[in-house]
Amino acid sequence: MPLYNHLKEYRAKINVNQQEMGALVGVSRQTISQIERGDYSPSVTLALKIARVFDSKVEDIFEYQEDQDE
Amino acid sequence: MNSSIQTEIKREDKKKLKGFILILIASFFGGGFLGGAIAICDNIGIVDTVVKPVLEAFLRWSVYGNFAIMVITLVSVCMIYMNVKGMLKEWDQEDDIVFSKMNYRLSIGLLITTIAQILSFCFFSAGILEMERNADLYKNTMIPGAIFWIGFIGVLIVITISQQKIVNLTKVICPEKKGSIYDKDFQKKWLESCDEAEKAIVYESSYSAYKAVIKACMTLWIISVLGIMFFESGIYPTIVITVIWMCANVTYCVKSMRMEKKH
């Protein structure tokens with residue numbers, strides 16, 4: 001399921017690295033990296049926690065786009 | 001709506017039934033062919049001239065097996081550990097590729113120790129059997145017995161310390177990880193310290209392991225039946241396989257039922 005995200009840009013705006021981002025939302029650095037690469041889609045809870053860090057909406061950070069085939 | 005669902009279910013079953021019956025027929029003939037081939041091999045003496053000598057050689061050398069595993073494990077894990085430690089010193093805490101490489105190599109180290117542990121138990125059993133069967137031979141010289149026991153105790157020490165070093169180095173790379181290798185609840189604590197993505201990997205890997213165990217049990221059951229027919233291996237292998245097979249399936253089903261009740 002393609003879930004695009006702007007996590008890296010948002011992270012850069014508030015100047016936190018992946019380790020710090022992970023600590024803020026309670027996940028490992030590796031998971032933040034996987035989310036940014038699009039290799040892992042976060043749960044609703046995690047997506048809400050991430051959005052809260054940036055004081056933004058989930059839809060601003062994560063985008064769901066239909067597959068070309070669908 | 002129910003009738004359309006039932007129609008769809010029947011249609012899907014009908015579609016796959018032909019393939020299933022073909023597989024059953026192929027397995028029937030395949031099993032017959034395999035049994036016949038082994039019977040022919042037994043009649044022309046391949047079992048006695050090839051298979052039994054190989055098993056005998058394995059038993060004879062099993063006395064030294066654990067010593068060899070101890071050395072191989074020690075050397076390979078040391079190399080991996082020192083390599084990852086070197087990478088950790090140079091790591092800038094940001095480079096994803098280096099982070100992935102370090103974790104991958106430590107995982108290989110853990111895989112080596114796991115394989116070594118399982119093989120050490122196998123060699124221990126085989127070694128005990130060999131020394132009991134040829135007790136007179138081993139009474140005359142202490143060296144094989146000494147190598148056997150040093151090997152077995154040594155490999156367990158090497159495995160334990162290797163796993164401890166690898167886990168502790170992983171905890172340095174990933175500080176959120178919790179649990180000491182010497183804690184009896186280590187696996188539980190480690191899993192609790194994993195986040196949702198890591199838990200998803202654990203669960204998917206566990207399911208793959210479960211499927212592999214079921215396939216292995218089926219294959220080993222076939223081998224155990226052939227063993228009864230041609231190698232006089234007795235009923236014990238079949239009983240052991242049945243216990244493992246039953247354990248895996250019942251655990252899976254009971255856990256699924258409990259989780260469904262909770263949700």
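This is a predicted model: local features need pLDDT of at least 70, side-chain atom pairs count only at pLDDT 80 or more; totals for chains, interfaces and linings use all residues.
**Salt bridges, an interface and a helix crossing**

As a reminder, side chains of opposite charge can pair when their charged atoms come close.

One of these pairs lies inside chain A, where A:Glu36 and A:Arg11 meet through their side chains in a salt bridge with an N to O distance of 2.6 Å. Because A:Glu36 sits in helix α3 of chain A and A:Arg11 in helix α1 of that chain, spanning residues 7-13, the pair ties together parts that are 25 residues apart in sequence.

Let me turn now to the interface between the chains. Here 16 residues of chain A are in contact with 13 residues of chain B, and the area buried between chain A and chain B comes to about 1200 Å², with carbon and sulfur atoms giving 39% of that area.

How many salt bridges does the rule find across the interface of chain A and chain B? There are two, and A:Arg37 forms a salt bridge with B:Asp96, in which the closest N and O atoms are 4.0 Å apart. Between chain A and chain B the count of residue pairs in polar contact, with both residues at pLDDT 80 or more, is eight.

On the side of chain A that touches chain B, the elements that give two or more residues are α2 (18-25) and α3 (29-37) of chain A, and α3(A) gives the most, with six residues. Sorted by class, that side of chain A has four nonpolar, ten polar and two charged residues.

Finally, I would like to look within chain B, where the axes of helix α1 (residues 2-43) and helix α7 (residues 196-230) come within 11 Å and cross at roughly 35°, the crossing being right-handed. From α1(B), the residues B:Leu34, B:Gly35, B:Ile38, B:Ala39 and B:Asp42 meet B:Ile222, B:Leu226 and B:Phe230 of α7(B). The residues of this contact divide into six nonpolar, one polar and one charged.

Notes. Residues are numbered from 1 along each chain as its sequence is written. Chains are lettered from A and ligands numbered from 1 in the order in which they are written. Side-chain values use heavy atoms; hydrogens and water are left out. Axes are lines fitted to C-alpha atoms, for helices over the stretch in contact, and angles run from 0 to 180 degrees between N-to-C directions. Helices (H or I, at least four residues) and strands (E, at least two) are DSSP runs, numbered from the N terminus. A crossing is left-handed if the near helix is turned anticlockwise from the far one by less than a right angle, and right-handed if clockwise. Contact means heavy atoms within 4.5 Å. Ala, Val, Leu, Ile, Met, Phe, Trp, Tyr, Cys and Pro count as nonpolar, Asp, Glu, Lys and Arg as charged, and the others, Gly among them, as polar. Buried area is the accessible area (1.4 Å probe) that two parts lose on being put together, summed over both. A polar contact is a pair of N or O atoms within 3.5 Å; within protein, one must be able to donate a hydrogen and the other to accept it, and residues adjacent in sequence count only if both atoms are side-chain atoms.
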